[in-house]
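Subject: Handing over a predicted model

Dear colleague,

I am passing on the structure below, and I would be grateful if you could read these notes alongside it.

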Amino acid sequence: MTTTAHHGVARLPALLIAMLLAASCSTVSTLSAPAGTSAPMTVALAQAETLARNDVTLTGQAREANRARIEQLLAAIDNSTLAREAAALPAGDPLYNFAGHALLNRGLGLPRAFDQSDLRFGASDRPAADSDGYRPPLKVGVLLPLSGELSKAAVPVRDGLLAGYYAEHRRRPDIQFYD
């Protein structure tokens, strides 16, 4: 036997073991599909649901990757199935806001308003947005040097902000200036 052939035979058991180990690492899960849907869509929806439930525990890059995966899974679901499943989600379900954004990205309507429990900075306490999306905060704080050497530079900034503020005819937030 040649040296090259001997090395090839010696590597064969290691290759077989590696293949068996790789095969044993994969898992297959099956879910029964509701009438009118295909099994892959149901699996994608179940995976997205699990990822959405875990999203609040993640931060930074892990959270971004998790959200990208949820969007990818929802993108694989057809319009009618996504709309039906989104409508069936209970209020407060973490998947609803993801499904709602997927529906809006496709130009479809929402079955109900977004769940606002996860919004920050008091946004859930604010009134709904106008038809053009205008939704001001309740209060605005403006930090400007109102005294001292830099106060001369702050005057046009303050005046410009107030001109825009008073030119707005819709609802305006309370405004407070801080030195």
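Residues are numbered from 1 along each chain as its sequence is written, and side-chain values use heavy atoms, with hydrogens and water left out.

The protein has six helices and two strands, where helices (H or I, at least four residues) and strands (E, at least two) are DSSP runs numbered from the N terminus. Along the sequence these elements follow the pattern α-α-α-α-α-β-α-β. Of the 179 residues, 22% count as buried; here buried means under 20% relative accessible area, exposed means over 50%, and partly exposed lies in between, with a 1.4 Å probe and protein chains only. Among contacts (heavy atoms within 4.5 Å) between residues at least 6 apart in sequence, 51% join residues at least 24 apart.

Helix α5 (residues 94–105) packs with helix α3 (residues 60–75) at an angle of about 60°, the two axes being 10 Å apart. Axes are lines fitted to C-alpha atoms, for helices over the stretch in contact, and angles run from 0 to 180 degrees between N-to-C directions. The two helices α3 and α5 are therefore oblique to each other, on a scale where angles under 35 degrees count as roughly parallel, over 145 as roughly antiparallel, 65 to 115 as roughly perpendicular and the rest as oblique. The crossing of α3 past α5 is right-handed; a crossing is called left-handed if the near helix is turned anticlockwise from the far one by less than a right angle, and right-handed if clockwise. On the α3 side the residues that meet α5 are Arg67, Ile70 and Leu74, and on the α5 side they are Leu95, Phe98, Ala99 and Ala102. By class, this contact of α3 with α5 has six nonpolar, no polar and one charged residues, counting Ala, Val, Leu, Ile, Met, Phe, Trp, Tyr, Cys and Pro as nonpolar, Asp, Glu, Lys and Arg as charged, and the others, Gly among them, as polar.

Helix α5 also meets helix α4 (residues 79–88), whose axis comes within 10 Å of that of α5 and crosses it at roughly 145°, in a left-handed crossing. Leu82, Ala83 and Ala86 in α4 are in contact with Tyr96, Ala99, Ala102 and Leu103 in α5, and the residues of this contact divide into seven nonpolar, no polar and no charged. The buried residues of α5 are Leu95, Tyr96, Asn97, Phe98, Ala99, Gly100, Ala102 and Leu103. At the start of α5, a side-chain oxygen of Asp93 comes to within 2.8 Å of the backbone nitrogen of Leu95, and just after α5, Gly107 takes a positive phi of about 80°.

Which residues does Glu49 contact, leaving aside its neighbours within four places in sequence? They are Leu89, Asp93 and Leu95; Glu49 itself sits in helix α2 (residues 39–54) and is buried, with a relative accessible area of 14%.

Beyond neighbours within four places in sequence, Asp174 is in contact with Leu138, Lys139, Val140 and Tyr165. Leu143, in strand β1 (residues 139–143), is exposed, with a relative accessible area of 71%. Leu146, in the loop between β1 and α6 (151–167), is partly exposed at 36% relative accessible area, and, not counting residues up to four places away in sequence, Leu146 touches Ser151, Phe177, Tyr178 and Asp179.

How values were computed
Predicted model: local features only at pLDDT ≥ 70, side-chain atom pairs only at ≥ 80, totals over all residues. Polar contact = N/O pair within 3.5 Å; in protein donor to acceptor, adjacent residues only side chain to side chain.
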